[in-house]
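Let's take a walk through a protein together, one stop at a time. Have the sequence and the 3D view open, and follow along.

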Amino acid sequence: MRDINTAKANIDAIGFLEIDIDINIDLFAAIEKLKKEKNAIVLVHYYQEPDIQDVADFIGDSLGLAQQAEKTSADIIVFAGVHFMAETAKILNPFKKVLLPDLKAGCSLSDSAPPELFKLFKDKYPGHIVITYVNCSAGMKALSDIICTSSNAEKIIESLPRDQKIIFAPDKNLGAYLNKKTGRTMVLWNGACMVHEIFSLEKIIKLKIRHPKAKVIAHPECEEAVLGVADYVGSTTGLLKYSVESDATEFIVVTETGILHQMQKSSPYKTFIPAPPNNSCACNDCPHMKLNTLEKLYLCMEYETPEITMDENLIIAAKKPIERMLAISKQYGL
């Protein structure tokens, strides 16, 4: 058994508590016990591994998770997702303890928008409102006027006057999709998600030929050519809802494969086929999301570390555009 003090000292280097766990322990029961003892809530993103999804108090996409984080009465928020999501929970709950099982669980899209470079970009477009996709760092949020998610982005854009100039960041694919949907000409930052950028159009078309009755459902972070062959484009929650409500029994799912667990649970007699990426893999996983494991989740709850800490001024600056997002979402019943 590794010493807890040594494990804590190594967190900055490796991102998580490297401690051996008794192989006989029932992690599901242990996590439930810790929730009660510590008044903790476990918030889980759809892209986490199935075991983690199955211990969630709430599972959802970025909008749903932010809404849950805002209203929770728990003393401890355990966030099974990636770093920017846990940061968002901390921004909304500066006096609560927010834990992340692995601090190295980052985000390629967030990394594609360094705040210092975005500030220079923003300065070139005076008179523009900045709408920033939630998949970004706290520093980016602090430079924004309104945060959005793929669930509410269209409504947030439409809530602004038609002549309002807008910068949209950091996802160029989502921004281009929204320009097309809303008829706007938003200025787009050149960022992208590694998971959604590498789906293979050729392989998806071959899947469509082999499964002619299957509906292709895709996340708007995908490239335009891929979205062009989709029967439905929507947020992660939107894709799940569509799969439940559609009369179709087969679906080619063009997003991170974690969502297939909830789709299969919600529709056990339907078939869900993960769209393949443009490499030798059969499906497309986010390497950052999958850094979290049930063992890391248990250890972070047991020892209440790794913890998300943030500068107070950054929290104040980043909170304003998030609150504006939540207010607009509530206005539209999202």
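Helices and strands here are DSSP runs (H or I of at least four residues for helices, E of at least two for strands), numbered from the N terminus.

Before going on, a word on the model: it is predicted, local features need pLDDT of at least 70, side-chain atom pairs count only at pLDDT 80 or more, and totals for chains, interfaces and linings use all residues. Residues are numbered from 1 along each chain as its sequence is written, and side-chain values use heavy atoms, with hydrogens and water left out.

Now back to helix 11, which covers residues 172-182. At its N-terminal end sits a cap: a side-chain oxygen of D171 lies 2.9 Å from the backbone nitrogen of N173. That is a polar contact, meaning a pair of N or O atoms within 3.5 Å; within protein, one must be able to donate a hydrogen and the other to accept it, and residues adjacent in sequence count only if both atoms are side-chain atoms. The buried residues of helix 11 are N173, L174, G175, Y177, L178, N179 and T182. Buried means under 20% relative accessible area, while exposed means over 50% and partly exposed is in between (1.4 Å probe, protein chains only).

T182 deserves a stop of its own. T182 counts as buried because its relative accessibility is 7%. Its side chain reaches the backbone oxygen of L178 at 2.7 Å, and a polar atom of that side chain lies 3.4 Å from the backbone nitrogen of R184. Apart from neighbours within four places in sequence, T182 is in contact with E154, I157, E158 and R162. Contact means heavy atoms within 4.5 Å.

Next, look for the sheets. Strands of a sheet pair through backbone hydrogen bonds, either parallel or antiparallel. For this model, two strands pair if DSSP finds at least two bridges between them. Strand 7 (residues 165-169) pairs with strand 8 over two bridges, and F168 stands opposite L188 in strand 8. Angles run from 0 to 180 degrees between N-to-C directions, with axes fitted as lines to C-alpha atoms, for helices over the stretch in contact.

Another open sheet has four strands in the order 10-9-11-12, and here too the pairing is parallel. Strand 10 (232-233) and strand 12 (271-274) each have a single partner strand, so one side of each is left without a neighbour in the sheet. Two bridges join strand 9 (residues 215-218) to strand 10, with I217 opposite Y232. Helix 16 (residues 259-266) packs on this sheet, touching strand 9, strand 11 (250-254) and strand 12, and its direction makes about 170° with that of strand 12.

What about the inside? In soluble globular proteins, nonpolar side chains tend to be buried together. A nonpolar core is a set of buried Ala, Val, Leu, Ile, Met, Phe, Trp, Tyr and Cys residues joined through side-chain atoms within 4.5 Å. The largest one has 79 residues, and I131 and V254 have the most contacts inside it. Not counting residues up to four places away in sequence, I131 touches several residues, including I146, I166 and F168. A second, separate core of 23 residues includes A7, I19, A80 and L294.

How many disulfides are there? With a disulfide taken as a pair of cysteine sulfur atoms within 2.5 Å, the count comes to zero. The sulfur of C107 is 6.3 Å from the closest cysteine sulfur, in C193, which is too far for a bond. For C136 the closest cysteine sulfur is in C148, at 9.0 Å, again too far. C136 counts as buried because its relative accessibility is 0%.

Our last stop is helix 3 (residues 27-38), where A30 lies. A30 counts as buried because its relative accessibility is 15%. K38 also lies in helix 3. The side chains of K38 and E304 are joined by a polar contact of 2.9 Å, and the side chain of K38 reaches the backbone oxygen of M301 at 3.5 Å.
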